[in-house]
Amino acid sequence: MRLAAVASPADPGSAVTIRTPSPSRSGPDESTQLVTRSTYRQLMTRGLSPEEAATLTAFLCGIPVADVQWSIGQVNRLLFLRELARTDRFGAVDGGRARPN
């Protein structure tokens, strides 16, 4: 697991340590979703709004955040789809279009 320190807006000069999972080779699991939800809750208890907490969680997971407000559900769905693509678990006709071979 990697650790990321985030400055706390509620207490300037302090930091929140957030554990983010290392990429898994075995496939998607619930650990990423659990980590994102606990990170999200931790940020909310530090005074961030739901949108700010979800967007910062997305940033910590490597999701681009420029001009985008994320929800925690969107972050989890995107991470799930990213893992499916990484492990090549999409079918040939998923999404309505055939993939070129």
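**Entry 1: a charged pair.** I began with Glu83 and Arg86, whose side chains meet in a salt bridge at 2.7 Å, N to O. The term means a side-chain nitrogen of Lys or Arg within 4 Å of a carboxyl oxygen of Asp or Glu. I counted 1 salt bridge in the structure. Glu83 and Arg86 are 3 residues apart in helix H3, so about one helical turn separates them. Are these two residues buried or exposed, I wondered? Glu83 counts as buried at 14% relative accessibility, while Arg86 counts as partly exposed at 43%. My cut-offs: buried is under 20% relative accessible area, exposed is over 50%, and partly exposed is in between (1.4 Å probe, protein chains only).

**Entry 2: ground rules.** This is a predicted model, where local features need pLDDT of at least 70, side-chain atom pairs count only at pLDDT 80 or more, and totals for chains, interfaces and linings use all residues. Residues are numbered from 1 along each chain as its sequence is written, and side-chain values use heavy atoms, with hydrogens and water left out.

**Entry 3: the layout.** I found 3 helices and 2 strands in the chain, in the order β-β-α-α-α from the N terminus on. Helices (H or I, at least four residues) and strands (E, at least two) are DSSP runs, numbered from the N terminus. Of the 101 residues in the chain, 28% are buried.

**Entry 4: the cores.** Which residues make up the largest nonpolar core? I listed 6: Tyr40, Leu43, Leu48, Ala53, Ala54 and Ile72. Helix H1 (30-45) and helix H2 (50-60) each give this core at least two residues. A nonpolar core is a set of buried Ala, Val, Leu, Ile, Met, Phe, Trp, Tyr and Cys residues joined through side-chain atoms within 4.5 Å. I also noted a second, separate core of 5 residues, including Ala58, Ile63, Val75 and Leu79.

**Entry 5: two contact lists.** Contact means heavy atoms within 4.5 Å. I left aside neighbours within four places in sequence and found Ile72 in contact with Thr36, Arg37, Tyr40, Ala54 and Thr57. Thr57 lies in helix H2 and is buried at 1% relative accessibility.

Entry 6: Phe80 is found in helix H3 (residues 72-86) and is partly exposed, with a relative accessible area of 45%.
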